[in-house]
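Please find below a colleague's note on the structure.

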Amino acid sequence: MELYNGERPSVFRLLGKYMRKGLYSILTQGPIPTHIAFILDGNRRFAKKHKLPEGGGHKAGFLALLNVLTYCYELGVKYATIYAFSIDNFRRKPHEVQYVMDLMLEKIEGMIMEESIINAYDICVRFVGNLKLLSEPVKTAADKIMRATANNSKCVLLIAVCYTSTDEIVHAVEESSELNSNEVCNNQELEEANATGSSTVIQTENMESYSGIKLVDLEKNTYINPYPDVLIRTSGETRLSNYLLWQTTNCILYSPYALWPEIGLRHVVWSVINFQRHYSYLEKHKEYLK
Amino acid sequence: MDLKPGAGGQRVNRFVDPISYHFLQFLWRTLHLLVSLWYLQVSMVQMIEGFLISSGLVKRYGALDIDKVRYLAIVVDSEEAYQISKVIQLLKWVEDMGVKHLCLYDSKGVLKTNKKTIMESLNNAMPFEEAVEKDVLLDQKQMTVEFASSSDGKEAITRAANVLFMKYLKYAKTGVGKEEPCFTEDQMDEALKAIGYKGPEPDLLLIYGPVRCHLGFSPWRLRYTEMVHMGPLRYMNLGSLKKAIHRFTTVQQNYGT
């Protein structure tokens, strides 16, 4: 399966596709990650390195993204999550933020035009994050592609926009609070809380004993499920930058030195090989934490 | 490392084509053997490099700007954490380097259980809770040591969520607050502090174990933390520790801007 990117397949591309199939038939003798997450780091550095015009790095990054998603879905990875835009990125220069939003809108509209191909490959596209922060045209386009692909189930592409993990955790607390508010059954605890007086002080003695929200409630209300097995952050950076902090408890973190537009099949294959090497260890750790 | 055949993907059916199946299995195991040999070679090079750095033969790592590491966290695989003597040696190196605030984490709480033994072995260290109580966190004379486990991560966040939930219920009952719960990250910070979780976000997190994975360290405290995989605890050496800290001091973060 190859994601459509507007190019007619050449002999070399077909040869590459069959060589990849051979490699996948070896790799699939072991466990394959269900979910791989990506932090697309290094587009601006790539543009600077190759003296590209402004936005050239992001365009090259988009092509790299299509290739990487192709490799993942060919290998049998069902979920792929990409960190497209962080809430922190709004602090960049306005014209840079606008450029990324325009690029996102252009690519989403491109996907809508090729809707029949997205559906033919059975890809479900989901935008996750604080979508209220998106501009109206981007939000409308994102809603449209999500509705159009909602019934697809072979592969899932999660695009994190206007997302940070801490915002996601607070959102999960809000959702859990709203769902649990009907389950308050002990009026005496409420009256004790009211009787303590000050509205600005959090009364820890009463709070600790009430366990309305459970861990499973928060886990159900995070934006991104299932949790990733591997997280790849390019450019050699070793931090998560407020991405998937909740979901990476048992996730292998891989930081190749390549800039995002330079990412290739070898990086995806290497991450899968390392996942297979440590599969038993991480499964045991998951069991322990249950 | 324990290699097991996978359950997913496009596997050759062993009953339909046994020759292809066994051949592919052979290729797969050979691939992993080559990768293991590669990692063995890398480990040997790292050990030699670590020895050279520890001996002071590599001048680059001579002087460390340790003040840049305001808060260091060390994650240890729980099975390896039973090697308490190794953990103590590691902490002594960290103390000698001048680190002032340290958090020790393992998911099962093995290090917490051995807290007394560990603290008694250190020359000039104080438990983090005691430092907070006595309000001497900014005192640079002693190293503070915080012990954490998986119960201080997501479970602590759940307890803080209930603090916020109670506040929401209180306002809902009085009709003063908004209809839908609406919290901020600052309120979450305050709720965590209110139930005793006052540890700050580490600048650097060193992972001692088989995998580069934070194993459940508190998600609320990892936003911009640099994470470095140091390998298994049994192969730890002072040189690798110095190299990791030196590398951290050269990192530039733009925090998303």
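Predicted model: local features only at pLDDT ≥ 70, side-chain atom pairs only at ≥ 80, totals over all residues.

1. Strand β3 of chain A (residues 123-128) is largely enclosed by the rest of the structure, because 5 of its 6 residues are buried. β3(A) pairs with strand β4 of chain A (residues 155-163) in the parallel sense, over 6 bridges. Within this pairing, A:F127 has A:I159 in β4(A) as its bridge partner.

2. The model contains 23 salt bridges over all chains. One of them joins A:R45 to A:E237, with the closest N and O atoms 3.2 Å apart. A:R45 belongs to helix α2 (residues 43-49) of chain A and A:E237 to the loop between β5 (230-233) and β6 (252-254) of chain A, so the pair ties together parts 192 residues apart in sequence. A:R45 is partly exposed at 37% relative accessibility, whereas A:E237 is buried at 14%.

3. Another salt bridge links A:K286 and A:E283, at 3.2 Å from N to O. Both residues lie in helix α12 (residues 279-289) of chain A, 3 residues apart, or about one turn of the helix. A:K286 is partly exposed, with a relative accessible area of 28%; A:E283 is also partly exposed, at 30%.

4. Salt bridges with shared partners form one network of A:D41, A:R45, A:R233, A:E237, A:R239 and B:E226.

5. On the surface, B:L33, B:L34, B:L37, B:L40 and B:M44 make up a nonpolar patch whose accessible area is together about 520 Å². B:M44 is located in helix α1 (residues 18-54) of chain B.

Terms used. Residues numbered from 1 in each chain as written. Chains lettered and ligands numbered in written order. Heavy atoms only, no water. Patch = residues over 30% accessible without salt bridge, like charges linked within 9 Å, V, L, I, M, F, W, Y side chains within 5 Å. Areas by Shrake-Rupley, 256 points an atom, 1.4 Å probe, with all protein chains shown as cover. Salt bridge = Lys/Arg side-chain N within 4 Å of Asp/Glu carboxyl O. Helix = DSSP H or I, 4+ residues; strand = E, 2+ residues; numbered from the N terminus. Buried < 20%, exposed > 50% of the residue type's maximum accessible area, 1.4 Å probe, protein only. Pairing = 2+ DSSP bridges.
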